Each structure stands twice: as C-alpha cells, then as structure tokens.
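Please walk me through this structure, with attention to its charged pairs and to one of its helices.

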Amino acid sequence: MTSGMNCFNPAVTVDEYLAETNVLFYLSDALAQLLEHKEEYTNVGVTRYFAEYFSSVKNSNHILFREFNYIRATPHNRASFIRVFWRCYRQIGKSGDMLSMLEYSSLLQLLCPDFPVEIVKNAARIALMNEGADCLMSFSDFLYAFQLQFYYQEFLDSVLLIYQDLLAGKSPNTVIVPTSASVEQLPCLALEEKRDLEIEASTLAGCIDALCDRFRHSHPPRSCLKDALEESGKVAYDSLLRSLAKHEIINQTIGALPSKTEVLIDQDLDQELDKLIAQISVSPSSNSSGSAVGMLKEVQRKASPRRNIHHRRKMEVESDGSTEETDSSEN
C-alpha cells in the first residue's frame, strides 16, 4: 500500500513502518467491525474474516458504502475510493453524457452516503473554469478535478488560506503557513471567497514550498507545483488547481486512475461485457429476462467492486454505471 516501503530495511523503524502503512488503523477497524457484526461472522471464522478484510483492503474494495471519515482516513482509502468511482461510472464517459455538480454528488453518495457536497462543489469549480456552477461537466473533466480535490484536500485548503492572505496584501514574511492540525480544525472553506484574482506566482511559490516542508498530509510533488507556478508571472488559486488537475505526474503519483487518454478503457470489464453479449446472442433462452439478469449479475460479481465484507448493504452498484436497490420487500 505504500510504494518504496521496505519492511526489512533496517533504516526504517517499526514505528515508521506502521505509520506509513496505517496497519494499526486497519487492524483497529477490522476488530471494531468484527465485534459489531460478530453474529454474522460466527460461522465464517475469525481467521477467514481477517483474511477477507485485508484482502479487500489490498484490492481497494473495502471503502464501498463506508462512512466519509473512513474513506478519507488514509491515502490508500482515498485512492481506492477514486478508483471505485471511476470503475463504477466509467460508462457515463463512454456514452458522452454531461452531468451537473448535483448529479455527480448523488453518484458519489451512492458509494458513500454521507459524502460532503462541498468537496464536489470545489471539484466542479476546478472543472468548470470560469463557467457557472450549474453548468454540465464531462465525466473525465470532473473525474481528474475530483481526484485532485479529494486526495489533497487538506493541502489545498492550506494553499487557499495562504493565497487569501497574500491577496489581502499581507507580506510573505507575515503570512502564517498553516499546520496540518490547524487545517483539520477548519470547516470547508467558503466557495464565495474570491479565488480567481491573480497574485505574484513567485511569492505564492515560496510560501507553498515552506508549507510542503511542514505538512504531514500528502501533497503534490514539488516538481508539479513548480511547473504549475512557473507557467506565468501571476497566478490565481483556481487556475493553479486546474493546472495541477491536468498534470500527469500527479495522476501517476496517486496511482488510482489511468492517463486521461485511457480513462474510458477498462479491459477487464470490457472483456466481461463482451462475453455477456456473446452469451445472450447465442443462448436459446436469450429472450428470457431471467436468463439475462442472471448473466448480468455474474458479470457484476466479476467486474464490479464487490460489496464490503464487513459493511454489507442491500445495494449493488452495477458495473455499467447504473444502480439497483435490492430489498426483500420489492421481491
């Protein structure tokens, strides 16, 4: 889960390794879920339960239908949620549909019921450039803006605070560079604040460099920040974020999404769908809705992120982007 981490490297202490990999966080959550749903797992066995839990963490399926505080708790969780969002709703991009901010918010809340709309609004602001907030967005434009906003949320909030101080005329020497702890205490920053007025890029770059030195949360690679800030002599907060959202090195660093040219391609999923179409076309009972539904569910089981083993819900996310509520009262 953490690239470049070698647990056998004597230069890495046990505490450093545990902190980098968040093993204790996942172990604590696994125990809490086991105790909460112990009756459900009585017949499964504790060993198998832990094996399935950590397998789901490794495969990035563990964040489905979990609360927002859980999916944002670790970088791996954030990257996993971004990837699941892409895989579940990729078909929207393939069909060329344009959706509003509220529609994307609804899709996210199907995966995480308490996902904050403010994060979606901030992502939409990046994707829409100078257009109105009620304008429609393509799937790929929203996806990469959302990835940047969600994965680096605390860092971007800190940059916004610095930008607003500089915009207010404060000297770079008097600008207070936020700490990770101070940012965590802040509510979502108001969207009404001016974020499209330009300031000296070199001044902002110096403050951001100091922020990277003391920030314990993830932040974009310094080389990417430097590239975005050196595009022109002056920069606005929103234009900076748009440049970062398009930066391929940032996308590769997060590791959740393919490149933008391949974002509508998912070979594993496409192969399963091709098999489904072939089976329906040659099946003697292809006119039977029951047969089609059965095969569709089989494709969903293989290709779509499976439901969280320790947070089961009566909801399935179809691999083609649609959703289906399953309730015994409807059967």
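In this predicted model, E154 is buried at 5% relative accessibility. Its salt-bridge partner is R78, with N and O 2.8 Å apart. R78 lies in helix 5 (residues 75–95) and E154 in helix 9, so the pair ties together parts that are 76 residues apart in sequence. R78 is buried too, its relative accessible area being 6%.

A second pair consists of R125 and D238, whose closest N and O atoms are 2.9 Å apart. This pair also links distant parts of the chain, since R125 belongs to helix 7 and D238 to helix 13, 113 residues apart. R125 counts as partly exposed at 22% relative accessibility, while D238 is buried at 4%. Elsewhere, salt bridges with shared partners join D29, R66 and E67 into one network. Within it, E67 and R66 meet at 3.3 Å, N to O. R66 is buried, at 1%, and E67 is partly exposed, at 34%. The salt bridges number 13 by the rule applied.

Helix 7, which carries R125, spans residues 117–128. At 1.5 Å a residue, its twelve residues should span 16 Å, and the end C-alpha atoms are 16 Å apart, which agrees. Its buried residues are I119, V120, N122, A123, A124, I126, A127 and L128. They pack against helices 4, 6, 8, 9 and 13 and against strand 2. After the helix comes M129, with a positive phi near 55 degrees.

The cysteines C112 and C212 are both buried, at 0% for C112 and 6% for C212. A search of the whole structure finds zero disulfides.

Key. Residues numbered from 1 in each chain as written. Predicted model: local features only at pLDDT ≥ 70, side-chain atom pairs only at ≥ 80, totals over all residues. Heavy atoms only, no water. Helix = DSSP H or I, 4+ residues; strand = E, 2+ residues; numbered from the N terminus. Expected span 1.5 Å × (residues − 1). Buried < 20%, exposed > 50% of the residue type's maximum accessible area, 1.4 Å probe, protein only. Contact = heavy atoms within 4.5 Å. Disulfide = S-S within 2.5 Å. Salt bridge = Lys/Arg side-chain N within 4 Å of Asp/Glu carboxyl O.
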